[in-house]
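Keep the picture open while you read.

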Amino acid sequence: QVQLAESGGGLVQPGGSLKLSCAASGSSFSTNAGGWYRQAPGKQRELVAVISSAGNTNYADSVKGRFTISRDNAKNTVYLQMNSLKPEDTAVYYCNTKIWGWPAYYDYWGQGTQVTVSS
């Protein structure tokens, strides 16, 4: 069974940094894409960053240049390094992976970790 365990959220001041981790069980980020989404109160869940099995990355415009997604295949973990944090980055951050299983891809989600950016 696929399980995603997130960690690293917390309270940080504007301009600060946090690093989120997502450790997978039952799946491998070396063969499946990993990503981070976030959802602020009253807002729809939005894609933050994705890393493909090939190592290609993609970011939301709002976080480009500030956030970096990476993975450690040996630890089967995807990371999101968040720098220069802004109050508008405040949200629950969710780890995601999409795995093929006929007849479709299936999304798997972590439980979410709260990131609060406030002075």
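A salt bridge here is a side-chain nitrogen of Lys or Arg within 4 Å of a carboxyl oxygen of Asp or Glu. Before we use that, some ground rules: this is a predicted model, where local features need pLDDT of at least 70, side-chain atom pairs count only at pLDDT 80 or more, and totals for chains, interfaces and linings use all residues. Residues are numbered from 1 along each chain as its sequence is written, and side-chain values use heavy atoms, leaving out hydrogens and water.

Searching the whole structure turns up four salt bridges.

| Salt bridge | N to O distance |
|---|---|
| arginine 38 and glutamate 46 | 2.7 Å |
| lysine 64 and aspartate 61 | 3.1 Å |
| arginine 66 and aspartate 89 | 2.7 Å |

Arginine 66 sits in the loop between E6 and E7, while aspartate 89 sits in the loop between E8 and E9, so this pair links distant parts of the chain, 23 residues apart. (Strands, E, are DSSP runs of at least two residues, numbered from the N terminus.) Salt bridges that share partners also join Arg38, Glu46, Arg66 and Asp89 into one network.

Are arginine 66 and aspartate 89 buried or exposed? Both are buried, where buried means under 20% relative accessible area, exposed over 50%, and partly exposed in between (1.4 Å probe, protein chains only). Arginine 38 is buried too, at 5% relative accessibility, whereas glutamate 46 is partly exposed at 35%. Over in another pair, lysine 64 is partly exposed at 48% and aspartate 61 is exposed at 64%.

Now for the sulfur. There is one disulfide, meaning a pair of cysteine sulfur atoms within 2.5 Å. Cysteine 22 and cysteine 95 form it, with their sulfurs 1.9 Å apart. Cysteine 22 lies in strand E3 (residues 18–25) and cysteine 95 in strand E9 (residues 91–101), so the bond ties together parts that are 73 residues apart in sequence. Both cysteines are buried.

What about the nonpolar core? That term covers buried Ala, Val, Leu, Ile, Met, Phe, Trp, Tyr and Cys residues joined through side-chain atoms within 4.5 Å. The largest one has 25 residues, and Trp36, Val48, Phe67, Ile69, Leu80, Met82 and Tyr93 touch the most other members. Strand E3 gives the largest share, four residues.
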